[in-house]
Amino acid sequence: MNAIRIGIIGSGGMARHHAQCFSQTEGYELVAIAARNPETGPALAHAHSADFLPTYREMITRDDIDAIAICTHNDTHGEIAIAALETNKHVLTEYPATRTIDHARQLLAKMDDSPCAFRVAHNEVLSPAHRALKRHIAQTGTLIATLFTRLTPGRGQRPDILLNLRITGPPALFFVYHIYPLVDCFGPATWVEAAAHYENLRDNGTYDSFANAVTVGFETGGIGQWNWAGGVEIAHAEEHRRIVMTRGTFIHNGTGWHFSTKSGESDLPTAKPSDRTIHTQFRDDIRTGNHQSDARTAIHAALIGLAAEQSIEENRRIALSELL
Ligand SMILES: NC(=O)c1ccc[n+]([C@@H]2O[C@H](COP(=O)([O-])OP(=O)(O)OC[C@H]3O[C@@H](n4cnc5c(N)ncnc54)[C@H](OP(=O)(O)O)[C@@H]3O)[C@@H](O)[C@H]2O)c1
């Protein structure tokens, strides 16, 4: 079977990670790196004996590239994914799928008639713990509420990027990996309400710390709520997760999921470990034509963050039907 000729866009941490993984995964040939950074871009290309291209447009118009992996910052994922699907490249993008509602809309429409694979790099879908949780949830009645609270002292290695409203988006977007698993279990939201506080929000979009509260109503019923405060004065990060169903409550205690009812609590058996990775999954998406099975979930997860941003700006509840 012919190798999938892949190009990577970006030359930061995730680009280096994906370059390593594609090089080590059967079925890929890493052909080119497109990056704006004149130091890390050529260095990454050189390390993998790949071509260096200064813009992503030069990559998506090349005939000897079948697929691309988008590893740039959040504000460009949607634009590059749309352009690449238009030139018939298979697309793996880092999350979130998009930073704008307009791009989310365009991506959903494009997926209907694109012959290409489109996957967002949410590893949760491959995680044994998540797959087991999803199976147990399906046997435990209907959702009443999912509750998530997180407090973190850190600001990450690149707070200028991570805590930047313009580039990265609101916290609901850079924590989209906590929203995605619940959209995977309960489907899209019908409405979103949010509030946010940013300490020392500057004109360039950066801030020192944040508190963010997002509440959604799921299409399938039940309420989801995420509360997080980051870059705050606390000695250790802490996180609480609960999923309250009509026939029991799932509790994450930091190491794994437990199941709780009025008659007691038990550990949740996890699924068998799997050697599937996002790279083998993307390869098989392309080979089998199972093209966009997960991308809609990823876009609906990103839409919760985008609707939260709009809810804060307009100080009102946003119906997702208004956006799509
Ligand atoms: N899947 C995961 O586990 C995971 C983990 C962390 C992050 N992420 C996601 O992965 C993405 C990248 O994160 P990272 O940690 O790799 O960030 P990073 O180290 O800052 O790297 C981002 C790279 O993208 C380049 N870039 C940004 N905008 C560009 C543009 N318009 N055109 C061309 N290149 C551009 C940057 O160039 P410069 O060097 O010139 O700035 C840099 O090389 C983010 O969206 C993040 O949310 C995913």
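Good morning. Setting aside residues up to four places away in sequence, Thr 146 touches Leu 182, Phe 186, Phe 218, Ile 223, Gly 224, Gln 225, Arg 242 and Ile 243; contact here means heavy atoms within 4.5 Å. Thr 146 itself belongs to strand 7, residues 143–152. Helices (H or I, at least four residues) and strands (E, at least two) are DSSP runs, numbered from the N terminus. Thr 146 counts as buried because its relative accessibility is 1%; buried means under 20% relative accessible area, exposed over 50%, and partly exposed in between, with a 1.4 Å probe and protein chains only.

A word on the basis of these values. This is a predicted model, in which local features need pLDDT of at least 70 and side-chain atom pairs count only at pLDDT 80 or more, while totals for chains, interfaces and linings use all residues. Residues are numbered from 1 along each chain as its sequence is written, and side-chain values use heavy atoms, with hydrogens and water left out.

I turn now to the ligand. Which residues come nearest? Among the 17 residues around the ligand, these are Met 14, Asn 37, His 73, Asn 74 and Arg 158; a residue is near if one of its heavy atoms lies within 4 Å. By class, the shell comprises four nonpolar, 10 polar and three charged residues. In this scheme Ala, Val, Leu, Ile, Met, Phe, Trp, Tyr, Cys and Pro are nonpolar, Asp, Glu, Lys and Arg are charged, and the others, Gly among them, are polar.

As for polar contacts, which are pairs of N or O atoms within 3.5 Å, a ligand oxygen lies 3.0 Å from a polar backbone atom of Gly 13. A ligand oxygen is also 2.8 Å from a side-chain N or O atom of His 73, and one is 3.1 Å from a side-chain N or O atom of His 77. Two elements give two or more residues to the shell: helix 1 (13–24) and helix 4 (74–86). The largest share, three residues, comes from helix 4.

Finally, the aromatic residues. The structure holds 12 aromatic pairs, that is, rings of Phe, Tyr and Trp (its six-membered ring) with centres within 6.5 Å; planes under 30 degrees apart are stacked, over 60 edge-to-face, and the rest tilted. Phe 174 and Phe 210 pair edge-to-face, 5.8 Å centre to centre with 90 degrees between the planes. This pair links distant parts of the chain, 36 residues apart: Phe 174 is in helix 8 and Phe 210 in strand 9. Both Phe 174 and Phe 210 are buried. Thank you.

Methods
A polar contact is a pair of N or O atoms within 3.5 Å; within protein, one must be able to donate a hydrogen and the other to accept it, and residues adjacent in sequence count only if both atoms are side-chain atoms.
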